[in-house]
Amino acid sequence: MPANLKPPLLGLLAAALLALVVWGNAAIHADLMDIRRENAPLPTIQAEGPAPADSSQVVRVGVVSRFAPNIIYRLYQPIMDYCNAHSARRHQLSLSVSYSDAARRLRTGEDEASFLGALMCSRLPRDSELEPVLIPLNADGGSEFHVALIVKEGSPIRSVADLAGRRVALPSQKSFSGMWLQRAGLAAANLKPSDLDTLQHFKHHETVVWQVLRGEFDAGVVKESLARRYRTRGLRVVTLSPAIPGPPLVINRRFRDEAVDDLVRLLLALDAGNPADRRLMASWTQEFAYGFRAVDREEFLSLFEDLLRNSGEAP
Amino acid sequence: MSLPGLRGRILLAVGSIIILIMMLMSWGILYRWRQGELTREEVTALAVSRAFSVAVLDALVYEDQGYDQPEGVLDHYIDLFMTQNHRIRNITILDPQGGLVARSWESRTGSLLSREPEQLLAVPGPRTIIDQDESGAWLLDAVMPLRSGRHSWGVVVISFEAETVRDRISRVFFLLLIFSSAVTSILLLLLWLMLGRILGSLLGLETAMEAVDFESGHVPPLPHRSDEIGRLYQGFRRMGERLQQSRRDLMGAEKQVWHAERLAAIGRLASGLAHEINNPIHGVRNCIYAIKADPGNREQTAEYLDMMEEGLAHAADVIDKLLGFARKQDVGLEEISLNNTTGTVLRLVRFRLERRRIQVRKDLEGDLPRVMADTQLLQEVIMNLLINAGDAVRDGGHITVRTRAGRHAVRLEIQDDGQGIPQDLQDQIFDPFFTTKEPGQGTGLGLSISLGIIQALGGTLTVASEPGAGATFTVTLPASEPSPDEDEA
C-alpha cells in the first residue's frame, strides 16, 4: 500500500471492500440455495430385466414362508440367483404358507423341489413319492443341527427343570423346534406341559425370540443358528436338543427330470472350503451357509430314528 | 505524516484480512453444515422410502405368488404414508418393465420421473436426487429398487418437498452473517481504539522530540510504560543522553582544535618573528663589533648603544606579544573594544605583512560600541582573517581593515585585493580542513574555527567575493550597548 495513501482513496478502497463483501455474500447465498445434487449418478445402461416368461424353463423351488416375504426372498433368492447364473433354466422361489402346503405343491407338480422341515419329512410314509435328496451341512461339515432353549439374559432359568410355572414360547408345532420340548425335553426333566404356566406356539422363529426378549415369555425354543444370532442382543442359551438333520431339499420322485437333477447337481457343487463359494453362501440363510450333501430316504430316516423313538413317536 | 491516514491504512489492511478470514470461515462452516443437512435429508428420505418399499415388496411378492390380497392394497399404503408424512409430494411404483403399478394422485413429481424408466430400473441401489420440478419447486426424489438378489419387482420413487431445508439453510446463512458481521465490527472497533492508543503514544513521542532543548540537552519527561512503546521512550531518552555526551565531546574537541590552530598560527608567526628578532640581534652584534673595533670613539659608541637599545627593545616587544598570544588562558566573556583588539592583532602581523610589502589601510570608526567577547578568541579570529588576506594578495598588495557600528551590532570588515574566491568554493571555505593552500601551508581549520567562535559569541561571519576582485570577510558581533547615533549598517 503506498505511503501517501490519502483519506479519499482510503474511502474508495473501503467502499470497494464493502462492495466485495456484499457481492461475495450474495453469490454464496445464491450458491447455497442451489441444493441441486445427486448422491450417485443414475446408470445409463439398459436395465437387466427378468428372463422371458417361458414356463417350460422355470424351476420352482418351494420355501415355507416362515418369515415376511421380503425376508424370505432376501435369504433364499441368492440361492436362485446362483442356480440361474449356472443354468439355462430360470429358478424361482415358490412361497408356501405351511409345510403341508409345500408338500401339496410338490405332489401336484407345481413345485419341482422344496425345502421342507426335517420333522415333517421324517413323518412322510415310506412309500411316499416325496423324498429328501439333499441335507445341509453345518460349519463342521457334519449334517447335525440343534434347537435351543433360550431365555433372556439375567433370567434365573438354568435348565429345563426350571421351566415349571413359566411361560414358554414355541415355533410351529409342525416343526421339530416346536415339538422337541413337549415331546422330549420336558419329559427328560420330569415335567409335563401342564406343569408350565403357558405354552404357546408362534408361526415364526423370530417371533419366539422377540417374545422372550420383550419379557412376555420366560423362555422359548428356536433353531440354534437363530439363538446364536441373537446372543449379543440379550439372549442366553439354556440347553440344546439332541442333533437332527437340517431341513432337506425334497423332490417328487414322480416328476424327477433333468431340471431337478440339474438343481441337485448345482447345489452339491458348492464347497464351503472354496473361498469363492464360501463368500457366495455367506449371504444365504444361515442353514445353507456351508453347502449340502446328498441323502436318501433311508439314511434320512435313520438320522431321526433315535430321536423319534425317545420322544415316543415311532419313525 | 498523516496519522489519521496511517490509522485508516492499518485499519483498512488489517480489517480486510479480518473480514476475509471471517467470510471464509463463515462460508466454510455454512457449506459443511449444508452438506450435513442435505445428507441428513437424503438419509431420512431413504429411510422412509426403504420402510415403504418393504411393505410394497411384501404385497408384490404375495401378488407374484398368487395369494389373495385386499383390493387396492398399494393405494392404501400410499395413502397411509402420505397422510403420515406431510413432506411426501408423490409416490410412484413401477414394475420391472417400467409400467405403472400404482401412484399417488398428486400431480407434482420430481425430476426423477422425467427420466427414462429403464434408468430407474437399472439403479443397483437406493438413489436420491435434489432438483426443481417444472414449477420451480425444489423436490428430493428417492428411488428405491424393489429387488431381492437378482429378482426385481420394479422400483418405488418417492418425492419429498425440499423447500424446508432451503429455508433452513437461508436462515442459518443470515444468522451466521449477522453473527460474523457483529464479531467483525467488534474486532474492527477494538483495532481502531488500539491504533488510537498506539498512535497517541507516538504523537506524545513526537511532541517530546519537538520539545528537546539541544542547548541544554534537556529531554522532557515521558510516561513510564513497560511495553514496546515504553522501550521506544527509553530509547529516545538514551538517545538524548548520548546527544548531550556527544555535544560535550564535540565542544572539548573543538577547544583542542582551536588551541592547535592557535599554535599553528604561532608557528606561522614564528617564521616572520625570527626575521624580526634576528635583524635587531644582527644589528646589536654589528654594533658590538664596531664598538670593540674602536672603543675610544665615544660618539660612535653612544650612537651604537642607542641603536642596540632600540633593537633589543623591539625584539623584546615582539617576544612579549607572542607569548601573550600563545599562552592558553581561561575563556571568559568581557566587554572589549573591537578597535583595540584589531589594533593589537595588526601589530602582531605587521612584520609578516610588511615583509611582503603589503600595505594595510585601517578605517576604524571611532566611538565604536564595545562587544561581549573573549579577547583571545577574538584576536585569533582577526589574526586568521588577516593572515588569510595576506596569503591571498600578491606581494605589494593592499588590505583594508574597517570597523563600523550599527544599532545593535558592530561590524569588522577585512578586505583584500587578491584573486578572490570562486563562487563554487564560497560555501566550502568554512568547512573544517578545507584549504586551497599548498600542503604544509595551512591546516584548513582557521575559517572553521573562526566561524565557530563568532557563532558562539552570537555573531556572524560571512564572505563576499568576486573572482579577480578580491574578497571581503565581515564579522558582525552584537553590541553590548546600543550605539547612540548610528543607524544599522
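Trainee: Which residue takes a positive phi just after α3(A)?

Mentor: That's A:Gly109, with a phi of about 85°. Before going on, keep in mind that this is a predicted model, where local features need pLDDT of at least 70, side-chain atom pairs count only at pLDDT 80 or more, and totals for chains, interfaces and linings use all residues. Residues are numbered from 1 along each chain as its sequence is written, chains are lettered from A and ligands numbered from 1 in the order in which they are written, and side-chain values use heavy atoms, with hydrogens and water left out.

Trainee: Why is A:Ser177 called buried?

Mentor: Buried means under 20% relative accessible area, exposed over 50%, and partly exposed in between, using a 1.4 Å probe and protein chains only. A:Ser177 has a relative accessible area of 5%, so buried is the word. This serine lies in helix α5 (residues 176-188) of chain A.

Trainee: What is A:Ser177 in contact with, leaving aside its neighbours within four places in sequence?

Mentor: Contact means heavy atoms within 4.5 Å. Among the partners of A:Ser177 are A:Val147, A:Leu170, A:His205 and A:Lys223.

Trainee: And what makes A:His204 count as buried?

Mentor: Its relative accessibility is 18%, so A:His204 gets the label buried. A:His204 sits in the loop between β9 (198-201) and α6 (205-214) of chain A. Not counting residues up to four places away in sequence, it touches A:Ser65, A:Arg66 and A:Phe67.

Trainee: Which residues of helix α3 in chain A are buried?

Mentor: In α3 (residues 99-108), they are A:Tyr99, A:Asp101, A:Ala102, A:Ala103, A:Arg105 and A:Leu106. They pack against several elements of chain A, including β2 (58-64), β3 (90-96) and α4 (118-122).

Trainee: How many helices and strands does chain A have?

Mentor: There are 10 helices and 14 strands in chain A, while chain B comes to 9 helices and 12 strands. Those are DSSP runs numbered from the N terminus: helices are H or I with at least four residues, strands are E with at least two.

Trainee: What share of each chain is buried?

Mentor: Buried residues make up 51% of the 315 residues in chain A, and 43% of the 489 residues in chain B.

Trainee: How do you know that α8(B) and α9(B) cross, and at what angle?

Mentor: Look at their axes, which are lines fitted to C-alpha atoms, for helices over the stretch in contact, with angles from 0 to 180 degrees between N-to-C directions. The axes of α8 (residues 375-392) and α9 (residues 446-456) of chain B come within 9 Å and cross at roughly 145°. Residues that meet there include B:Leu377 and B:Val381 in α8(B), and B:Ile449 and B:Ile453 in α9(B).

Trainee: How large is the area buried between chain B and chain A?

Mentor: The size of an interface is often given as the accessible area lost when the parts come together. Here the buried area, meaning the accessible area (1.4 Å probe) that two parts lose on being put together, summed over both, is about 4,500 Å². Carbon and sulfur atoms give 61% of that. In chain B, B:Arg9, B:Leu12 and B:Gln65 lose the most area to chain A, together 14% of what that side buries.

Trainee: And how many residues are in contact there?

Mentor: 57 residues of chain B are in contact with 47 residues of chain A.
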